[in-house]
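The text below walks through a structure, beginning with the contact between its chains and ending with its nonpolar core.

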Amino acid sequence: MATPNLTTLGIETSCDETGLALYNTERGLLGHALFSQIDIHAAYGGVVPEIASRDHLRKLLPLLQEVLDQAGMQRSDIDAVAYTAGPGLVGALLVGACLGQSLAFALQRPALGVHHLEGHLLAPLLEADPPQPPFVALLVSGGHTQLIAVRALGDYELLGDTLDDATGEAFDKCAQLMGLPYPGGPALARLAEEGDPTAFKLARPMLDRPGLDFSFSGLKTQVALAWRDSAQDDRSRRDLAASFQAAVVETLVEKCRRAWTQTGFSTLVVAGGVGANRRLRADLRELASRDGVQVHYPRPEFCTDNGAMIAVAGALRLAGGESSGPAISVRPRWPLAELTRIAEGSGLRAQGPEELDSARS
Amino acid sequence: MNLLAIDTSTEACSAALWVDGRILERFEVAPRKHAELLLPMIDELLLEAELPRSALDAIVFGRGPGSFTGVRLAASVAQGLAFGLGIPVIPLSSLAALAQAEADEHPGLPIAAMIDARMGEIYLGLYKPDAEGLVVALNAERVLPPEQVQLGTEAQWRAVGSGWQTYGKALSGELGSRLQGQPQPRYPRAAALLKLAQREARSSRWQTPEHAQPLYLRDKVALTVSERLEQRRLAAVG
Ligand SMILES: Nc1ncnc2c1ncn2[C@@H]1O[C@H](COP(=O)(O)OP(=O)(O)OP(=O)(O)O)[C@@H](O)[C@H]1O
């Protein structure tokens, strides 16, 4: 039986953000709440996995109550539970997976472990004018820099990947070596807006070569050397930030152009935290409109990790009859290409225990 | 009253049901397979007892100390189940569970429960059975090097848990002459938690689901940037 009106709880705990959301197939997003641990990890200079896991477990239920209150719902109104099963930090993933799977078990509803990156790819579906596959996706975050061909929902081909640092990581590391506090990516991007992008001559990594792969560690070294040899004052900080950002953005934009040319797809989806970068957005818009390509972004709060994207990706797969459990498993490493095409909504598959229980009582 | 208990604080994974005075249990020593095993175990128990999950009154869980990942697993499953069913949780010590199992076999004597905490330390809890035979903690649980273990004033003790297996030699100074019998290799298990939970339930010592939190005992798990710099400075000076 088809379930036209399905409310899915989404749970995200793959790294240092605890995100919860309720998504309804007909009414859209009903509530979402997020706690970011950035301030907790700042003193350590990076994410400490054990501290992240501990904090997720403290925040999950209060945030769950918060999204239920936002939606004016009770726990029994949850029709299905989707949680991030990977990739990510194993301990952090386990907390969300255990809570999600056992909540579903108690409610006698289906649960599903969702791929974190599929969540990012499908986050634009939460917006008013959602993109239709096929499209090219640029995933740019603190952990990833990938170009992906989305032929259909669930049918993903990796077109290009970074050979070393992720884009957000490069932003953070360059910010750090110029003395900005962790995680300095957004601060560096703000500084860049006031600087002269031509002040420092930095090579555009991988642009001289064909293909869709990225590399940012060489650029990072160039920035380190340029900073060492500079006056190390506010002006050189601004100018170097602007020059670094220009080199990164030019590379990303050119690879996107190659990707939509190569695939012939006329839609680009940009996801991940670096998607908030204004220079990237402006340059992509310009080049895409010249080539007749439409660019879609999730709203800024859904560019970074969140529960809403997990709820929406989970809802599609759950409606297609997929489910996991009751055995709980997470996959810290999980290639996106292993995912399978999402079946057309055939409806929730009832879990065994539900039938048993109703037969018993 | 119907209670479900779970413990995953050590290499063992267990779940147990208390159904109007009857105890059913699943227990397996299976390192790194707890996440896979736990909910299916619970499912089996409920089926065997022919108990709908809505008939459960509270979720009891071993809140540690023990493996960080393990105690978090039990706590997060307890949270999910309790929130989903709208029932309270009863967090109990995994060291007390060890001591209870020991007290059931050797009634009367005080018990030193010890779990290997790695890094040259053990988790220690000292217990004594009450008139009903349920163990009572003599002091707060601690993490400490085995050489620093100090028993209470009682002359004769029993010892139990992986702490003894790993650090028997270092412990023998304090324990050696006061031990009665050979310490048993034993894991905390859910059935022992159920016994202890009776006392908690009778005095309504239960909590709302978000209070299902582990007791880690080790709270300093990483050095901050400034602590690392300070350490480097000291190393350079010294
Ligand atoms: N305006 C910006 N310009 C450049 N980088 C930015 C900007 N805003 C955020 N970032 C970077 O984005 C990253 C955070 O994004 P996100 O939360 O999506 O990534 P993550 O959780 O670290 O990685 P992943 O989702 O791949 O596991 C950080 O590295 C941050 O510095």
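Two residues are in contact if their C-beta atoms, placed from the backbone, lie within 7 Å. By that criterion, 36 residues of chain A are in contact with 29 residues of chain B. Helix H2 (49-71), helix H3 (90-107) and helix H11 (352-360) of chain A each supply at least two residues of the side of chain A that touches chain B; helices are DSSP runs of H or I with at least four residues, numbered from the N terminus. The largest share of that side, 12 residues, comes from H3(A). Sorted by class, the side of chain A that touches chain B has 22 nonpolar, 9 polar and 5 charged residues. Here Ala, Val, Leu, Ile, Met, Phe, Trp, Tyr, Cys and Pro count as nonpolar, Asp, Glu, Lys and Arg as charged, and the others, Gly among them, as polar.

This is a predicted model, in which local features need pLDDT of at least 70 and side-chain atom pairs count only at pLDDT 80 or more, while totals for chains, interfaces and linings use all residues. Residues are numbered from 1 along each chain as its sequence is written, and chains are lettered from A and ligands numbered from 1 in the order in which they are written.

Chain A is divided into domain 1 (7-122 + 303-360) and domain 2 (132-297), with bounds that come from an automatic or database domain assignment. Taken over C-alpha atoms, the centres of these two domains of chain A are separated by 29 Å. Their contact takes 15 residues from domain 1 of chain A and 22 residues from domain 2 of chain A. Helix H1 (38-42) and helix H4 (116-122) of chain A each supply at least two residues of the domain 1 side, and H4(A) gives the most, with 3 residues. That side divides into 10 nonpolar, 4 polar and 1 charged.

Where does the ligand lie relative to the domains of chain A? Domain 1 and domain 2 of chain A both give residues to the shell around the ligand, so the ligand lies between them. A residue is near the ligand if its C-beta atom, placed from the backbone, lies within 6 Å of it. Of the 20 residues around the ligand, Gly142(A), Gly143(A), Gly168(A), Gly185(A) and Gly273(A) come nearest. Helix H5 (167-177) and helix H6 (185-192) of chain A each supply at least two residues of the shell, and H5(A) gives the most, with 4 residues. The shell divides into 7 nonpolar, 10 polar and 3 charged residues.

For chain B, the assignment gives domain 1 (2-93 + 188-211) and domain 2 (95-178). The centres of these domains of chain B, taken over C-alpha atoms, are separated by 23 Å. The contact takes 14 residues from domain 1 of chain B and 13 residues from domain 2 of chain B. Helix H5 (residues 190-202) of chain B gives the most to the domain 1 side, with 5 residues.

The last topic is the nonpolar core, a set of buried Ala, Val, Leu, Ile, Met, Phe, Trp, Tyr and Cys residues joined through C-beta atoms within 7 Å. A residue is buried if 20 or more other C-beta atoms lie within 10 Å of its own, with C-beta atoms placed from the backbone. The largest nonpolar core has 185 residues, and those with the most contacts inside it are Ala82(A), Val312(A), Ala5(B), Val60(B) and Ala78(B). Helix H8 (residues 234-263) of chain A gives the largest share of this core, 13 residues.

Technical notes. Buried ≥ 20, exposed ≤ 12 C-beta atoms within 10 Å, placed from the backbone.
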